[in-house]
Structures are given as C-alpha cells and as structure tokens.
Amino acid sequence: LKLQFLYLIAQRSYPSPLMSLDSALDAVHGVPFPLLQAKAVEKVTAVMEKTKDEAKIKAAVAELDEEKVDTLCKVVYKALETGNSNVLFKWFAVVSDVGGQGAIVRVLTDKVPEEEEEDED
C-alpha cells in the first residue's frame, strides 16, 4: 500500500513528457516567430531535453495537431539560434518528418501581423 501511494505521488509530480510538451507549447502557441521570447523557448526546450529517445520523441510529436507541430518547429529553430544540441537536432528531424516541408516553410515565412508592427512604432 505504501509503495502504491509513493507511485501515485510520483505520477503527479512528474507528468508524462507529452503532457508537459503540450502544455509548454500552449505558452508559445500563436506567437509569431520573430516575437518568440527566449524565456518561453527555454521552458519548452527544457521539456524537450528530457526526452532524448527517438522513439519517444516520435510518439510525442505524433500526438500533436498540425498547429502544435508548427509551433514546435518554431521553438526548435529559435532554440538553435542560441545554441546547438544533439537533442534539438533529433527533435528537428522528427518534426520535419511529421510536419513536412510545409511546417518549415510556415515557420520561415511567419511574421508579425501588420497591426502589431504599427503598435511598436
């Protein structure tokens, strides 16, 4: 009984990587690529760094919808601006397989909407 209790506490304390990834992506979802903040990207990459096994990465990305895959692609590109990591390259390979060239093109052509550009001036 004591072991079952400890197991239940451990499950609550450490959510699955997919749940953490999905909730971390919610924080940056919809943010144009040029406006992604380093702190938000760091939170997502911290979750990504925990998952190094390619099979688990594939499983996590396969559960995401197309918009979340695009958001994940943005995060990977932004994270690679500040440093490189073999884990990030593994994630990029899986994201590009799942999202295809469309995800990459959507990230590279993502820009700040005009009304937001005018507000900054």
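Does Lys 68 count as buried or exposed, and at what relative accessibility? At 10% relative accessibility, Lys 68 counts as buried, where buried means under 20% relative accessible area, exposed over 50% and partly exposed in between, with a 1.4 Å probe and protein chains only. This is a predicted model, in which local features need pLDDT of at least 70 and side-chain atom pairs count only at pLDDT 80 or more, while totals for chains, interfaces and linings use all residues. Residues are numbered from 1 along each chain as its sequence is written, and side-chain values use heavy atoms, with hydrogens and water left out.

**View 1. The chain as a whole.** The chain holds seven helices and zero strands, helices being DSSP runs of H or I with at least four residues and strands runs of E with at least two, numbered from the N terminus. Of its 121 residues, 33% are buried. Among contacts between residues at least 6 apart in sequence, 79% join residues at least 24 apart, a contact meaning heavy atoms within 4.5 Å.

**View 2. The surroundings of Lys 68.** Lys 68 belongs to helix H5 (residues 66-82). Leaving aside neighbours within four places in sequence, Lys 68 is in contact with Asp 22, Leu 25, Asp 26 and His 29. Asp 22 and Lys 68 are 46 residues apart in sequence, with their C-alpha atoms 7.9 Å apart in space.

**View 3. The two sides of helix H3.** The buried residues of H3 are Val 41, Val 44, Thr 45, Val 47 and Met 48. Seen down the helix axis, these buried residues fall within an arc of 155 degrees, so they line one face of H3; the arc is that of the directions from the helix axis to the C-beta atoms. On the other side of H3, Lys 39, Lys 43 and Lys 50 are exposed.

View 4. A search of the whole structure finds one aromatic pair. The ring centres of Tyr 77 and Phe 92 are 5.5 Å apart and the planes stand at 80 degrees, so the pair is edge-to-face; rings of Phe, Tyr and Trp (its six-membered ring) pair if their centres lie within 6.5 Å, with planes under 30 degrees apart counted as stacked, over 60 as edge-to-face and the rest as tilted. Tyr 77 lies in helix H5 and Phe 92 in helix H6 (residues 86-108), so that the pair links distant parts of the chain, 15 residues apart.
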